[in-house]
Amino acid sequence: MSAEFDPDWFLTEEQKGLRAELIETCEAVIRPQAIKSDQTGEYPWASIEALAKLNLLGAIVPKKYNGRGENHVGAVMLLETLARYGCPSTSVIYMMHLAGVAGLLFRAGGNAAAQDILSRLDRDVLIGSASYTDPETGGHFWFPKISNVEKTEKGWHVVKKSSFTTSSGYAKWMITQTTSPNFDGDYSNLSVFLLMDEELQGAPDGWNAMGMRGTKSGPVKIDVELPADRMIGPPGDGAASNDEAIDPVAMVAYGGLYNGISLAALDLAKDYTTKRKHAQFSQSVADYPTTHDVFGGSLNDVEACRLMAYSLARQLDAVTENGDWTLHERDPKAMPRTPYAPWCFMLKELACRHANDVSDKMLHLFGGAGYSKHLEIERVARDSKAGWVMGPSNEVSRQLVGRWALLGSEAVDWWNQRVNEGLLNSEISKLDDAGKRALADKLTAELREAAAETAGAA
């Protein structure tokens with residue numbers, strides 16, 4: 001589609017120039033690699049190397065650490081462009097890389113290990129990732145049930161299992177989150193760690209999926225002793241890292257990425273429907289009012305979501321000195337992105353939902369031809385499905401936003417700490433006298449056991 005359908009008033013001239021460079025790289029390297037990765041399942045190293053040549057692995061890294069110093073608006077533009085003109089799989093890889101970078105940037109001040117990685121991202125093509133999901137907790141990835149860490153003489157002994165991690169077995173580094181050394185059952189007490197590729201066990205050959213076949217998503221196992229400076233931030237800093245770094249960057253990146261997939265579907269449909277002629281009517285598919293209705297409605301949805309993504313990114317820039325991560329070095333207690341959490345989750349859900357819906361409608365405009373492997377709409381439609389179920393899934397995201405809006409932020413209860421007394425009393429009322437006695441006996445026994453353990457520890 002023409003540039004009149006791009007909200008370029010959000011971009012600086014420099015960002016427009018960078019977008020043009022990225023489009024050229026997509027046409028020359030990344031889009032052909034997307035087709036190859038979808039066919040063979042291979043990891044798109046050529047595309048990652050192309051991003052590094054444009055100094056995009058360090059896009060949001062401050063210039064003091066050899067980065068570009070891009071702001072949130074720039075990040076949205078990069079993800080949107082990469083998914084639209086290049087490769088959705090590479091876009092997911094890049095999104096998870098930026099989330100990991102954000103986790104390092106949040107506490108880079110005074111941490112030599114984090115600063116070293118940040119300063120070499122593009123030079124050494126250090127593609128990274130964030131390994132946060134847990135096999136036991138599904139889309140509620142902030143519950144690392146299967147994890148623990150112990151203080152050792154050399155640093156930290158970290159044990160962790162993740163169910164789905166992008167670039168599993170390929171990333172050069174990852175950040176992960178476990179319960180803290182002094183964990184006492186409170187899952188808001190989390191800590192963040194940096195690991196290098198040789199310190200974790202990935203699954204490079206286990207990914208065989210319907211779409212996003214180049215992402216190499218898979219389980220990761222960690223059981224390693226790390227130096228002291230591999231804890232990023234102090235013990236217990238994980239919740240703050242989630243709220244201020246991981247979630248805002250990942251959710252805004254989701255918005256750019258899946259808006260880009262929607263735009264790719266629209267671009268492909270325009271190209272096909274304007275060229276495909278029906279000889280009996282002397283009309284192209286694009287001439288039919290039905291096509292106008294389907295295409296126009298889809299375009300309206302996508303453009304509204306693009307405006308939301310860029311508007312939210314601009315507001316994040318406004319409260320962070322134009323995306324300057326060094327503000328956290330000057331003020332470690334600063335949490336300027338955190339108040340915008342509801343908007344971040346709304347954007348994620350909306351962009352992923354529209355990508356799923358729009359790609360499906362555009363596939364139908366191709367008719368039977370759309371199912372052919374040689375037309376890219378089939379691949380884009382498959383790739384579009386992944387965002388819906390990526391953590392937090394759309395169902396989880398809607399639940400969070402709905403509960404927050406109806407009952408207040410405390411009702412979200414991120415770590416399952418609040419008792420739903422109404423539900424509890426309702427369930428107890430269903431018990432007969434024998435059932436209530438059995439429950440009372442069980443609770444009494446648990447209290448005695450807990451008291452004995454406390455006395456023994458004392």
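Two strands are taken to pair if DSSP finds at least two bridges between them, and the legends below use the word in this sense for a predicted model.

Three strands form an open sheet in the order 2-3-6, and their pairing is antiparallel. Strand 2 (147-151) and strand 6 (218-227) are the edge strands, each of which pairs on one side only. From one strand to the next, the twist of this sheet averages 10°.

**View B. The hairpin between strand 2 and strand 3.**
Strand 2 is joined to strand 3 by a hairpin that runs through three residues. The pairing of strand 2 with strand 3 (residues 155-165) is antiparallel and extends over five bridges. Within this pair of strands, Asn148 stands opposite Val159 in strand 3.

**View D. The antiparallel pair of strand 4 and strand 5.**
Strand 4 (residues 173-179) pairs with strand 5 in the antiparallel sense, and seven bridges link the two. Thr176 stands opposite Phe193, a residue of strand 5.

**View E. The packing of helix 3 against helix 7.**
Helix 3 (residues 72-86) packs with helix 7 (residues 289-319) at an angle of about 150°, and the axes of the two helices lie 7 Å apart. Because angles over 145 degrees count as roughly antiparallel, helix 3 is described as roughly antiparallel to helix 7. On the side of helix 3, the contact is made by His72, Val73, Val76, Met77, Glu80 and Arg84. These residues meet Arg306, Ala309, Tyr310, Ala313, Arg314, Leu316 and Asp317 in helix 7. By residue class, the contact of helix 3 with helix 7 comprises seven nonpolar residues, one polar residue and five charged residues.

Notes: Residues numbered from 1 in each chain as written. Predicted model: local features only at pLDDT ≥ 70, side-chain atom pairs only at ≥ 80, totals over all residues. Heavy atoms only, no water. Axes fitted to C-alpha atoms, helices over the stretch in contact; angles between N-to-C directions. Helix = DSSP H or I, 4+ residues; strand = E, 2+ residues; numbered from the N terminus. Parallel < 35°, antiparallel > 145°, perpendicular 65-115°, else oblique. Contact = heavy atoms within 4.5 Å. Nonpolar A, V, L, I, M, F, W, Y, C, P; charged D, E, K, R; others polar.
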